[in-house]
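Subject: Structure handover

Hello,

Here is the structure we spoke about, with the notes that go with it. Please read them with the model open.

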Amino acid sequence: MDINWFSADYLPWLILFFPLLSFLIIVLFTTHNKTLSGLVALGGIGLSWVLSMIEFVKVVWASDAELGHEVFGSSFKWLDVGLTTVRMGVLVDPLTAYMLLMVPLACVLIFVYSMGYLRGDPYYSRFFAYLSLFAGAMLTLVLADNLLLLFIGWEVMGFCSYSLIGFWFQKKSAYEAGVKAFMTTRVADVLMLVGIGYLFAVAGTLNFREILYNEEALHHLLEVSTPIIGGSAAALIGVLLVIGTIGKSAQFPLHVWLPDAMEGPTPVSAMIHAAAMVSAGVYMVIRMFPLLSAGADFHHGDFSTPMVLMALVGGTTALGASILAVGQNDIKRILAYSTISQLGFMVAALGIGAWVAAAFHLINHAFFKALLFMASGVVIHAMEHGEHHAHELGAHEHLPDPPDGLQADYVAPANDVRRMGGLLDRIPVTAITMAIGGLSLAGFPLLTAGFWSKDEIIADAWHGTTEGFPLALFVLVMLVLAAFLTAFYTARMWFLAFWGAPRTESARYAGIGSFRNRWVHSRWAAARRLEDEAVSPQDSTSFRLMELPLIVLAFFAIFAGFIGVHEDFPLFGLLNNPLHHFIAPTLLEEPRTLALDGLPVLVSILIALGGLTLGWWLYGQRALAAEDDDPTEQALGPGLWTALQNRFYFDAFYRRYMVQPVERFAVVMVQAVDKETIDGILDIFAEIATVTGEFFKRFNSVVIDGVGDGIPRAIARGAREFREIQSGRIQQYLLYVVIALLVISTLLLYQAR
């Protein structure tokens, strides 16, 4: 076979290879050298990013093939299974190429950020080893040409998320969160694996092109009926695959693991929420959409079972998570619930057939959510340094000791937005870039990426509603309410963190990075009349490494959305919606473009501005002082506020009615099976063995040792007795002679008789 590694067919192998190679090099050779480990990891993902860009250029502009109908890729024979052969390979179609624009770039920025964030951590090398494996697994999943290889990448990511969420394993809450994430996602993964196995049994292949781009194969899956739910095999398989996404992308009711995943380092949060893990779940259902929608005619209101499931779960998740985000005070948990909500937008969009809109929002969300998470990491770093600096200046604040394990309503002091305030003056770069990310998340009209993709989803739901589809109406109502709350809690988070005066000594002395030292200190600080003692000495290298990715991501949080603007939109549509035309050939039947409707655009603008205005009205026009109560808490009342902070008691419910019964069952099983049955049987065997051993011990002692040792002892005793005959006394010898003569004479007389 003639292999050219730099052709568009084979280059994808190198893209996923280098991060995996970095993992091996760090684990085997550079563990004790932190700097080298970081550089190896960055070099690996950097090469993948460069090769991804080359691949993208090759497949889009340097090829005469019509991408979609003709794809790039290669495969090799892996194993024989009965009458068929399983092949492993890579595939680059429009959807893959689109993902290659985001995943490696986001990973590179997260790696750079991590080099500053984890600077000085004793487990620095281990962190970059896991992070490299995480990135390699996500690229494997994206480039896979079949469902089995996708699932392998899927599971490796599950292991990496477990290891990285519990990275600071000395904290009980961290390793508990890692276990919780691992076990919760395993529940869904098992059902997803059943679906994959059933698909292989029915279709005889797991190759995407042979199933998803093959009308005959899809028709066959529709014709095969299944007795379990009375529908087609396609419907059952689709439902099982969607359940896999519900676990991976933390959708209702398996959403409980993602907020606790914030126990991991912030770069891990950015990785999970933007470039891997939860994005993988949505990517999988986008990839498998032809199967999930098989038999449906959603343009006329006929939705398949998996689509209905996605619409109901996605819509419920989008609204429910946005409600929970309103009641959070931990800056990372606000963003975590935001991620769950935004993923619900995408899943719900797929449920009503808005395939392009879901893919569009997936990429935009990755950019602005990575930005928001990394900015929150800078905020937390600054607050921690502020606390230390305040302590050095004698302004120490009494902080409660952290709990020993996971607690739903616990907020670490450095993460608590109520303890912040005034950080705009302390970390202005972070404040400005986080404002850009927040506006994009809120869907600020026309100028942010999040507006265009969110508007696309709402436009599809609006169109379905006008056609009289109840499912589209449900999705529209849920997403509109969720979008309003998203804008509100984003404004609340930003104003509480950055606006007004510092509400604590930690915020007053919060760290200021390199940017301030060069420019802000001379201009911004003078303009704001900051006090010199409010400057906290910082590691400028760390902050430089952390701020640079924020600036790059802020650019994409604004401009990434312009590639998907409707071609009829005034002024902004001049690009002619290149995204739609590029990725549409991924599907066998290209999705249609809806006519531009001004009403859903107006609705998107009103809900975004409405939520932001409400947030500004409550928290911006008069900044919250340290002694003020939270307006949202006052408006909701203590009961509802406590319920929000305790996540509507879902965790407590699961703990009480699922985890604890299983634990009690496990204790009973341990007692009944292990202690009484298995241990009892083993005790009987032990008793039998003991008795048998004692018998052989005695047999050995009495018979073997008795005979073996008794004969020589008897001979020795006889020899000693016989030796007494030789005493040297003549009288005794004569006596023996007389006795012998008497005996002999007696015998002779006896014989002669």
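**Backbone points**

Pro-253 sits in the loop that runs between α9 (233-248) and α10 (257-260). The peptide bond between Phe-252 and Pro-253 is cis, with omega at about 5°. Please keep in mind throughout that this is a predicted model.

Two residues other than glycine have a phi that deserves a look: Leu-571, with a positive phi near 65°, and Tyr-649, with a positive phi near 60°. As background, most residues other than glycine have a negative phi, and most peptide bonds are trans. Leu-571 belongs to the loop between α23 (540-559) and α24 (578-583). Its relative accessible area is 64%, so Leu-571 counts as exposed. Tyr-649 is found in the loop between α26 (631-645) and α27. Tyr-649 has 40% relative accessibility and is therefore classed as partly exposed.

**Helix α18**

Helix α18 covers residues 428-442, 15 residues in total. From its first C-alpha to its last it reaches 20 Å, close to the 21 Å expected at 1.5 Å a residue. How much of α18 is covered? Most of it: eleven of the 15 residues are buried. Among them are Pro-428, Val-429, Thr-430 and Ala-431, and the buried set also includes Met-434, Gly-437, Gly-438 and Leu-441. After α18 comes Gly-443, which has a positive phi, near 80°.

**Salt bridges**

The structure contains 18 salt bridges. Side chains of opposite charge can pair when their charged atoms come close. Some of the pairs are described here.

- Arg-287 and Asp-93 are joined by a salt bridge through their side chains, at 2.6 Å from N to O. This pair links distant parts of the chain, 194 residues apart. Arg-287 is in helix α12 (residues 278-287), whereas Asp-93 is in the loop between β2 (84-92) and α3 (94-117). Both Arg-287 and Asp-93 are buried.
- Asp-416 and Arg-418 form a salt bridge in which the closest N and O atoms are 2.8 Å apart. Asp-416 counts as buried because its relative accessibility is 6%, and buried means under 20%. Arg-418 has a relative accessible area of 37%, so Arg-418 is partly exposed.
- Glu-694 and Arg-698 meet in a salt bridge at 3.7 Å, N to O. Both residues lie in helix α27, four residues apart, which is about one turn of the helix. Glu-694 is partly exposed because its relative accessible area is 34%, while Arg-698 is exposed, with a relative accessible area of 57%.

Which residues are linked in a network of salt bridges? Lys-180, Asp-260, Arg-333, Arg-647 and Asp-651 make up this network.

**Surface patches**

A patch of positive charge lies on the surface, where Arg-713, Arg-717, Arg-720 and Arg-723 gather. Arg-713 is placed in helix α27, which covers residues 650-723. The relative accessibility of Arg-713 is 47%, so this residue counts as partly exposed.

A negative surface patch is made by Glu-215, Asp-297, Asp-302 and Glu-589. Asp-297 is in the loop between α13 (289-292) and α14 (305-326). Asp-297 is partly exposed, with a relative accessible area of 34%.

There is also a nonpolar surface patch of about 940 Å². Its members include Phe-722, Ile-725, Ile-730, Tyr-733, Leu-734, Leu-735 and Tyr-736, and Ile-739, Val-743 and Leu-747 belong to the patch as well. Which helix gives the most to the nonpolar patch? Helix α28 (residues 730-752) does, with eight residues. Tyr-733 is in helix α28. With 30% relative accessibility, Tyr-733 counts as partly exposed.

Regards

Definitions and conventions. Residues are numbered from 1 along each chain as its sequence is written. This is a predicted model: local features need pLDDT of at least 70, side-chain atom pairs count only at pLDDT 80 or more; totals for chains, interfaces and linings use all residues. Side-chain values use heavy atoms; hydrogens and water are left out. Patches are made of residues with over 30% relative accessible area and no salt bridge: like charges are joined within 9 Å, nonpolar side chains (Val, Leu, Ile, Met, Phe, Trp, Tyr) within 5 Å. Accessible areas come from the Shrake-Rupley method with a 1.4 Å probe; for residues, only the protein chains shown count as cover. A salt bridge is a side-chain nitrogen of Lys or Arg within 4 Å of a carboxyl oxygen of Asp or Glu. Lys and Arg count as positive and Asp and Glu as negative; His and the chain ends are not counted. The place of a charge is taken as NZ of Lys, CZ of Arg, CG of Asp or CD of Glu. Helices (H or I, at least four residues) and strands (E, at least two) are DSSP runs, numbered from the N terminus. Buried means under 20% relative accessible area, exposed over 50%, partly exposed in between (1.4 Å probe, protein chains only). The expected span of a helix is 1.5 Å times one less than its number of residues.
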